[in-house]
Amino acid sequence: MDIEDRIARRQRTGDRNRLVLDEDQLSPVWHPEEPIGRGPFIERLLDHFDPVFDGRAPPNAYLHGPGGAGKSAVTIALVDQLAASLSPPNDAVFTTTRGGSAPGVSFVYVDLRAADSAFEFSHGVLNALVAESVPRRGVGTEELRDRLERCVRGAGPVVVVADHVGEAETVDVPTVADRLDGIDGAFAWLAVGRSDPDAVDVPESAVDLDVEPYSRAALTDILAARADAGLGQGALSHSVIRRVAEWAEGDAGVALSALLGAVETAGEDDGSIRPNDVDAGMSAVPWPCVPLGRVLALPRNRVRTLVRLVGLAPEDRAPVGECAERIAERLDLTTSTVERFLYELAEAGIVERVRVSDSDGPGRPPSRVDPRFPTLAFRRLARRRIDETPA
C-alpha cells in the first residue's frame, strides 16, 4: 500500500472506530490486482507465456498446487495485464459474423465453477472475445461453437485459462482440451487445479507447472496488507496476524476465512478484533476445508440451504431427515428437496454425514450433517451473494 492509498483509506470513512472499511480486502474469494509474495511464480508463468510477445501461442499447460497458494490470484491478475497489453484493440475485435486478421494474442479467463457445461464454456470464451454481448437464450451449444470458430478464424492465437479444473462440480483437464481442440482456430490452454498431474489424465504434450504453498513470512505479509486495507486503524495486532499465518500452514484462503470469521464474531460496532474473536474464526474453519469460492458458486437454493444449515445447532443437524425438515421450515422448499440437496452436497464433499455414536435405540445410528467449509466467513459472504443473485 503506497502513500496515496493510505491517505485515501483514511478518507473513506468519517468514523475512525469503524471496524470494516473494505470487506473485499478480507474476503478469500476476492483477488487483488497486484498479488503479494508471488514474484518468482509470476516470473515462471511469464517464462511460459514468452511466445505471446512474438504473437505466437504458448504450449498447453497444467498449473497445479495446493489450495490457497495463489493460483487464481496470480493467473487472473496476469491474464488481465497481458490482455490489456497484447490483445487486439477494440476496433480489431471480431464480431461473430465476420473474420479477418488482427495483431496480438487474445486472453480469456474462464472460471469453470460458473461455466462448466459445454454451452457455458463456449459462451464464456466467445463473450470475452467479441465487442457485443453474446445472448444466452435462443442459441445452442453448436451455434456458439460455430460463432466462436468464425470469430477466431484468421486471428491471432487465443490463450484460454480454465480455472478450478477437476473439482466435484467441474470438468477435468482432458475435457477442457477436447472443447478447445474441437474448434477450428489457434487456441492454447492453461488448466489450473489442485490435483497432482500423476493423479489426473493430463495430455502428455502439456507443460507441467507447479506452485508451492506460501511461506509463513509471505502469508503474514498478505494478511497484514489485506487487514491494513480492509480494517480500521488498530483493529488487528501484528502478533495476531502472525498467529493466523502460522496456523494456516501456507493456505491464504484458510487464513482469510479465519480472519473474516473473526470479523463476523466481533460485530460491526466494535472497533477491534479480540483474541477470542480470532479463536472463533479459526474454530469455524474445518481442517481440511472446502474453499468458499466453490461453495458460493453453487446454485442459489443450495446456498440458501447451507445458510440455514450453519444456523442450526449441531444437535439439530441430526438425523438427516429431521435436519432437512428444520431447514425447509425456514425456506420456500419442500423437506424432500432439502434432503436431496443435503445428500448431493455430502456426495460432493461440501458437507459430511457424521454418525452420532451416542444415540439410543435399535437400528443404524443416525447421521449428523456437518459443514466442511468455513462457516462464519460463509455466513457473512452468503448474505450478500444471495441478495445479489436472482431468484
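Tutor: Ser-122 sits in helix H4, which covers residues 118-129; helices here are DSSP runs of H or I with at least four residues, strands are runs of E with at least two, and both are numbered from the N terminus. With a relative accessible area of 4%, Ser-122 is buried, a word that stands for under 20% relative accessible area, while exposed stands for over 50% and partly exposed for the range in between, with a 1.4 Å probe and protein chains only. From Ser-122 to Glu-143 there are 21 residues in sequence, and in space the two C-alpha atoms are 9.7 Å apart.

Before going further, please keep in mind that this is a predicted model, in which local features need pLDDT of at least 70 and side-chain atom pairs count only at pLDDT 80 or more, whereas totals for chains, interfaces and linings use all residues. Residues are numbered from 1 along each chain as its sequence is written, and side-chain values use heavy atoms, with hydrogens and water left out.

Turning to the rings, the structure contains three aromatic pairs, where Phe, Tyr and Trp rings (the six-membered one for Trp) pair if their centres lie within 6.5 Å, and planes under 30 degrees apart are called stacked, those over 60 edge-to-face and the rest tilted. One of these pairs is formed by Phe-49 and Phe-107, in an edge-to-face arrangement with 6.0 Å from centre to centre and 90° between the planes. Because Phe-49 belongs to the loop between helix H2 (39-48) and strand S1 (61-64), and Phe-107 to strand S2 (residues 106-111), this pair ties together parts that are 58 residues apart in sequence. Phe-49 is buried at a relative accessible area of 2%, and Phe-107 is also buried, at 7%. Phe-373 and Phe-378 make an edge-to-face pair as well, since their ring centres are 4.9 Å apart and their planes stand at 65°; Phe-373 and Phe-378 are both buried.

Charged side chains give another set of contacts, with 19 salt bridges in the structure, each of them a side-chain nitrogen of Lys or Arg within 4 Å of a carboxyl oxygen of Asp or Glu. Arg-243 and Asp-279 form one of them, at 2.3 Å from N to O. Arg-243 is part of helix H8 (residues 238-248) and Asp-279 of helix H10 (residues 275-283), so that this bridge ties together parts that are 36 residues apart in sequence. Arg-243 is partly exposed at 35% relative accessibility, and Asp-279 is partly exposed at 34%.

In the salt bridge of Arg-304 with Asp-332, the closest N and O atoms are 2.9 Å apart. Here Arg-304 comes from helix H12 (residues 300-310) and Asp-332 from the loop between helix H13 (320-328) and helix H14 (335-347), so the contact ties together parts that are 28 residues apart in sequence. Arg-304 is buried, with a relative accessible area of 14%, whereas Asp-332 is exposed at 63%.

Within helix H14 itself, Glu-344 and Arg-340 are four residues apart, about one turn of the helix, and they form a salt bridge whose closest N and O atoms are 3.4 Å apart. Glu-344 is partly exposed at 32% relative accessibility, as is Arg-340 at 42%. Elsewhere, a network of salt bridges links Glu-23, Glu-264, Arg-379, Arg-380 and Arg-383.

The backbone also deserves a careful look. Trp-287 and Pro-288 are joined by a cis peptide bond with omega about -5°, and Pro-288 lies in the loop between H10 and helix H11 (292-296). Another cis peptide bond, with omega about -15°, joins Ala-318 and Pro-319, and Pro-319 is placed in the loop between H12 and H13. His-164, although not a glycine, has a positive phi of about 70°; it belongs to strand S3 (residues 158-165) and is buried at 13% relative accessibility. Glu-249, likewise a residue other than glycine, has a positive phi near 55°, but Glu-249 lies in the loop between H8 and helix H9 (252-266) and is exposed at 60% relative accessibility.
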